[in-house]
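Here is a friendly walk through one protein model, written for someone who likes cut-offs stated plainly. Have the structure open beside the text as you read.

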Amino acid sequence: MPDKVQVPFDVLLKPTLDTMTNMGLLLVTQAKTGRPNAMTIGWASIGSIWRRPIFQVMVRPSRHTFALLADNPEFTVNVMPQTMRAAMDLCGSTSGRAKDKFHEAKLTAIPGSEIKVPLIAESLIAYECRVVMTNDVSPATLDVDIRNSAYASGDFHRVFYGHIVSVHADPSLIHTPK
């Protein structure tokens, strides 16, 4: 993989979570035709479940990404540099149903090492994930304040639990002891 090094899943959690909180991450899925699609996400979680590294991402059924995940249960989560904010904004405000967001946002798809869904070459960190479980957000068990503020339209998320099978990072992020 050009210009990326493989790292353990937990080595770059802080920059991943900081970027998710401040700018969002790019969730990449892929259509049966092979065309990749990127969606900006700000709600996700990463950790260890079932003795596996897991990236949990939330996608609403109304999103194009939802149908793509149903067809191909693999995804990548890409941590983008601050200089890519315009691409993040485009991917968070435009549907991939009618537009090629990779082309419009000037994103470069590169093959991963373990799954068919591509990574984004411009990313600082990229997580390759295979869906091992899904779970729908249940309105009946959800805190009423969250339900009222985040789901006024009734479009409740599905949580996709992705087993992290590989992580790639820009070498400049890896600090080696001297």
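## Salt bridges and their surroundings

Glutamate 74 is buried, with a relative accessibility of 12%. Here buried means under 20% relative accessible area, exposed means over 50%, and partly exposed lies in between (1.4 Å probe, protein chains only). Before going further, please note that this is a predicted model, where local features need pLDDT of at least 70, side-chain atom pairs count only at pLDDT 80 or more, and totals for chains, interfaces and linings use all residues. Residues are numbered from 1 along each chain as its sequence is written, and side-chain values use heavy atoms, with hydrogens and water left out.

The partner of glutamate 74 is arginine 130, and the two form a salt bridge whose closest N and O atoms are 3.6 Å apart. This pair ties together distant parts of the chain: arginine 130 sits in strand β9 and glutamate 74 in strand β6, 56 residues apart. Arginine 130 itself is partly exposed, with a relative accessible area of 32%. A salt bridge here is a side-chain nitrogen of Lys or Arg within 4 Å of a carboxyl oxygen of Asp or Glu. Helices (H or I, at least four residues) and strands (E, at least two) are DSSP runs, numbered from the N terminus.

The structure holds 3 salt bridges, and the table sets them out.

| Lysine 14 | Aspartate 18 | 2.9 Å |

Where do lysine 14 and aspartate 18 lie? They are 4 residues apart in helix α1 (residues 13-22), separated by about one helical turn. An α-helix has 3.6 residues a turn, so residues three or four places apart point the same way. Lysine 14 is exposed, with a relative accessible area of 58%, while aspartate 18 is partly exposed at 33%.

## Nonpolar cores

A nonpolar core is a set of buried Ala, Val, Leu, Ile, Met, Phe, Trp, Tyr and Cys residues joined through side-chain atoms within 4.5 Å. In the largest one, which has 24 residues, Leu27, Phe55, Val57, Phe75, Val77, Tyr127 and Phe160 touch the most other members. The elements giving two or more residues to this core are β2 (25-30), β3, β5, α2, β6 (74-79), β9 (125-136) and β10 (158-169). Apart from it lies another core of 15 residues, including Ala38, Ala87, Ala105 and Ile115.

Which partners does leucine 27 touch? Leaving out residues up to four places away in sequence, they are Asn37, Ala38, Met39, Ile41, Val57, Val59, Thr65, Phe75, Thr76 and Val77. Contact means heavy atoms within 4.5 Å.

Helix α2 has His64, Thr65, Phe66, Leu68 and Leu69 as its buried residues. They pack against β2, β3, β5, β6, β9 and β10.

Isoleucine 115 is found in the loop between β7 (109-110) and β8 (119-120). Isoleucine 115 counts as buried, at 7% relative accessibility. Beyond four places in sequence, isoleucine 115 touches Glu74, Phe75, Thr76, Glu128, Cys129, Arg130 and Val165.

## Two loop residues with positive phi

Most residues other than glycine have a negative phi, and most peptide bonds are trans. Tryptophan 50 has a positive phi of about 60° although it is not a glycine. Tryptophan 50 lies in the loop between β4 (44-49) and β5, and is partly exposed at 47% relative accessibility. Lysine 106 also has a positive phi, near 55°. The loop between α4 (101-104) and β7 holds lysine 106, which is exposed at 67% relative accessibility.
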